Amino acid sequence: MEMAELIGIWLGAFLTLGIISFLYGDNPWYKLCEAIFVGSSAGYWFITLFWDNIYSKFYVGVTQDGNYMLLIGGVLGFLMLMRLFSKIGWISRWPLAFVVGAIAGFYLINYFSSNVMFQVNATIMPLFGSGYGDPIFSASFGSVINKIIIAGGTFTGLVYFFFSKEHKGAFGATAKVGIWVIMITFGASFGYTVMSRMSLLIGRMDFIFGDWLGLIK
Amino acid sequence: MTNIGLILSIAAIIGGLLWLTIRSLSGREVERRIIFLFIGIAVSVPLLFDITFSEKATPIVKGVYDKVDNLPSGSVILISFDYGPSMAPEVEPMSNAFIRHSLAKDHKVIIMGLWATGQSLGASAVENVIKKEFPNKIDGVDYINIGYKAGNQGVLNVIITDFRKMYATDVNGVDLDSVQIFQGIRSLKDMDLMISVGGGFPGIKEWVLFAADPGNIPLAGASAAVSTPLLYPYYPMQLIGLLGGIKGAAEYESEMKKNYPQFADMPTPGIEMMGPQTLAHMVVMAFIVIGNLSFFFAKRRKE
Amino acid sequence: MKKQVPVVITFIVGTVLILSVFFPPAERLGEDFSIFFDIIAVFAFFLGGGNLIRIHTSKIYNKRQDWGFSVVTICGFGLMLMAGLFKLWNPGGIAADVAATGSLFQLMYDWIFNPLGASMYALLAFYVASASYRAFRAKNIDATILLIAAFVILLGRTPLGMYATSWIPESFSIMQIPNLAIWIMVSPNLAGQRAIMIGIALGVVSMSLRLILGVERTYLGVDND
Amino acid sequence: MPDYFKPFRFISIFTISIILIFSFSFLAIGQDTEEEIGYSINDFSPAAATDVVAIDHVYDRGDGVDVTWTLSADDNKFSEYLIFRSENGSSDFVEVGLVLPGFNSYTDKSVESGQSYIYKIGAVYDGKIVESELSNIVVPDTEFINWNLLNLFIIGLLIAGAVIYFIAHAKAGKKLFIRKIAGLDAVDEAIGRATEMGRPILFIPGINDMDDVQTIAGITLLGRVAKVVADYDIKINMPVARSLVMTTARETIREAYISAGRPDAYNDDMVRYITDEQFGYVAAVDGIMVREKPATCFYLGAFFAESLILAETGNSIGAIQIAGTAMPAQLPFFVAACDYTLIGEELFAASAYLSGEPKQLGSLKGQDVGKLIAMIAILLGVISVTISDAWGVTFFDSLYDIMRSMFTIRN
């Protein structure tokens, strides 16, 4: 095995076990790993952001592609630094206001068209046919039930989120069904997630037993 | 030898669970460290003793497989690496399987990433899969890695109209205009299939909202199991198929092995990882049962 | 000036961005604005990174508890910055990609960053187990429903569910656990997801409007009214 | 239905039915061919596609052309159709796209506004290309208004209008009823507990930057929490993962202290930047939790895998935990491991609810109108499509068409 690879593996094992030791309790080994992680990752992100945004997009964009619109972004970014001077720190609210305005506008339209319009559209389906225009009652009993559950579940789920009416009487009962549907969703999400979490641990164990200790062929 | 170890460890797990049940039922606190220890053992044992199960592709996985299989050869497939090293053990088997399958079908593969960390993972896929297993495929002709650009969904907003506004070169600094694979490709709309491999933000959802929907481009997803339920609503209208977690990977690998003799010996991390998964799942289910039993008995005792 | 200008900026930018969707010649505005955000975020990092350095140096200077670890943090940060800015050990020199194979930056990524991130993520498996034991209990109807759904899905993902219910005849095959699990995923789960998604989107619409109209300006450090 | 919808509706239904008919006939014919495979290929010369028509793609920046053609009679023999384009007819034809047999349209999105183009279709058969006649000349054009999105505009206006109407309505002093949200009524209690125990409060605004509305929602909630915190003089500890969030959170907390009349008690160190990296941040927050043992933890914003790590660590130190996120995948963990959870929409409603200001509450009312519209659309849509599908009642047919066209996003 190459020396570099060997160092990498031993270092990896040292850091992996340090993090896992947190399960037993806080300890200096974990603190060391945490300190290394925080410092190096903050540096990593700054470097990535610097080369990608400031250099590739901003500097190259302005000097080589002549996209002078980007200068506005540069000015906004620079205004952000006014925070360092307490007298004129309030100017840094301008770029912030810009960011929030842009995000509000961007999200409003995108969420609206993709989450509201598309999902409502997808919920509108014939209950008895297997597709629009197919012969009547061609769908199986099961598929009819499914469609009723999907349309009804979406409907009652929305009732649950209603803010301007107390959950009482028939409305309350519908909201109750709604929260049950949402609870099934959460249960399904959880059951599904367990698998994903396990595979990450398996990956690490594979590294410890295989790459480091060489117990797995 | 392996069998003895296996039997011993399974016996240890079952014995431990029994002990845990008795202790919980008698109303005594069980320290979380003991729970942690169980999971550690349940995951390690099948790894050390190599237990596997066979898989059959579900329709949602078959959707992706058939699309890749049925595209005429020479089609352009874009694979986006939208994950970091922490998610890699789970989703890397899928991105590798896509690359193998696409290249075996003589499709052209464009690799990119919406995650900063995706760039080097894409590069290592080129090194470890393409260069080793497909030595006669040429960089810039059959495949290319154009890497990562910052901007999350903003990147998609740009490349859906023009790749070159975001990407002047590939990761090696080669001008996109000079590579053969990019002749005639201007934007995402020129892709025959896009596959986003990931499970966080930005990821498959952003690909749906900002690329596949507005551009009406076929999109498939491969996600960490955690984000899969969240993506089901997009199938089959906005996503042609979806691989969820290691199980999805194992199904895809089984399907490839079944239909392509040349993949008989390919690495199948997905199938192999299902062994420990299964055991860990059973232990988690045992925990839920034991937890609820003790809760139930504690309530009765109170009454 | 201090209070009104930001509100006006938010209003104009938000409105313009919403309207740009309906006017094809302006459809690129969203792109430009997202690049602006990226640039602003990097400038903001000078404040964040500065804060990181300040907190840890003051800890070292005052010899507060665990100050030794602060030295490690600062060193890690500094080393990563040097490696990335000056592209140390980069085989391609200063002109090459910062993450080129063999560069110190990439080495630190592979050797340090990568195992740490993956291990931290792997801790989740342990927490999932402890949460299953401790938190997933049939305390009331809602929790019971959640529990049953979770249990069926879990069973469906293991061969156990298959063996336990394979005796069920084909005509009732929906009751076989793996099929039941898929059914939960595509039917009630889908309904719940849709309700949540539509709700979230409407929440976003209303929140965005509050921001654009200046009704909500807590984030600016400006009191509402 | 407004008149100006009719042409679009007609065109889209027409196109879809054409595509459907052709793909069905293709499928039907396709099944027969398996038996005819022995048929001598050599003497066979398949017919080309005909009637190639190129028209400007409507409502774009002039970067699209729609090409349609009539399928060849030998459609099922081809492996694919290639679309070729030439500028002005003067330059060489280049391949710009391909579709599978059975399809008779393609949208070329790589043209430039004002340039003129000519198209032809090549049907690929046994490695040979059978070319069609040339199309008409087309000059793609920029349109200034995207009428395709008229429905989006109308429904958006309806819902946004409702929100604005109720804000104005509430401003005028009308009383509005808003139901209780359990997690939010617990905020005061949770902060009170920290006061009693003399331990700090931990506030996590998620791990995304300010370019996520969830983070903004978290920050606005911070504003409300900080006000109570400033009143009670408790320590608030807020490690963040993004620099921009750091500066924003500082402003917010400072303002809360100023309005509580205690600007001196504010300190910039209440908010500190850790690292942008998800798990590096989590590692540090976990450390802070076990070392400082906060009495109350708030997790309000965008969360990913770290949700359960944080919630379980918080539980192990016995903290009261209030969480809220619009990340559906993380909600089950928060619901199971935290004391109170704001589910999706409730996160965005929370700051308005807590503020108690009529204007803010009014916006929640407006949001409910949006839900009502969605619910009515689902109800009417499902009923009308079911009836029109099953019994073909004309009235429901057209009702369904209206619902469909109102909620379809066209490109």
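Because the model is predicted, local features need pLDDT of at least 70 and side-chain atom pairs count only at pLDDT 80 or more, whereas totals for chains, interfaces and linings use all residues. Residues are numbered from 1 along each chain as its sequence is written, chains are lettered from A and ligands numbered from 1 in the order in which they are written, and side-chain values use heavy atoms, with hydrogens and water left out.

**Interface between chain B and chain D**

- Contact (heavy atoms within 4.5 Å) joins 15 residues of chain B to 20 residues of chain D.
- The two chains bury about 1400 Å² between them, 52% of it on carbon and sulfur atoms; buried area is the accessible area (1.4 Å probe) that two parts lose on being put together, summed over both.
- On the side of chain B, the most area is lost to chain D by Arg32(B), Arg186(B) and Phe201(B), which together account for 34% of what that side buries.
- One salt bridge is counted between chain B and chain D, the term denoting a side-chain nitrogen of Lys or Arg within 4 Å of a carboxyl oxygen of Asp or Glu.
- Arg32(B) and Glu312(D) meet through their side chains in a salt bridge, at 3.4 Å from N to O.
- By class, the side of chain B that touches chain D has five nonpolar, four polar and six charged residues; Ala, Val, Leu, Ile, Met, Phe, Trp, Tyr, Cys and Pro count as nonpolar, Asp, Glu, Lys and Arg as charged, and the others, Gly among them, as polar.

**Helix α3 of chain C**

- Helices (H or I, at least four residues) and strands (E, at least two) are DSSP runs, numbered from the N terminus.
- Helix α3 of chain C covers residues 67–85, and its end C-alpha atoms are 27 Å apart, which agrees with the 27 Å that its 19 residues should span; the expected span is 1.5 Å times one less than the number of residues.
- Buried residues in α3(C) include Ser70(C), Thr73(C), Phe77(C), Met80(C) and Gly84(C), where buried means under 20% relative accessible area, exposed over 50%, and partly exposed in between (1.4 Å probe, protein chains only).
- An α-helix has 3.6 residues a turn, so residues three or four places apart point the same way.
- The cover over the buried residues of α3(C) includes α2 (28–63) of chain A, as well as α2 (29–61) and α4 (104–134) of chain C.
- Lys87(C), which follows α3(C), has a positive phi, near 50°.

**Salt bridges**

- Over all chains, the count is 34 salt bridges.
- In chain B, Glu31(B) and Arg33(B) form a salt bridge at 3.4 Å, N to O; Glu31(B) is partly exposed at 43% relative accessibility, and Arg33(B) is partly exposed at 34%.
- In chain D, Asp63(D) and Lys109(D) form a salt bridge, with their closest N and O atoms 3.7 Å apart.
- That pair links distant parts of the chain, 46 residues apart: Asp63(D) lies in the loop between β1 (50–56) and β2 (65–70), and Lys109(D) in the loop between β5 (105–108) and β6 (117–125).
- Asp63(D) and Lys109(D) are both buried.
- A network of salt bridges links Arg83(A), Arg93(A), Glu251(D) and Arg254(D).

**Overall make-up of chain D**

- Chain D has eleven helices and 14 strands.
- Of its 411 residues, 60% count as buried.
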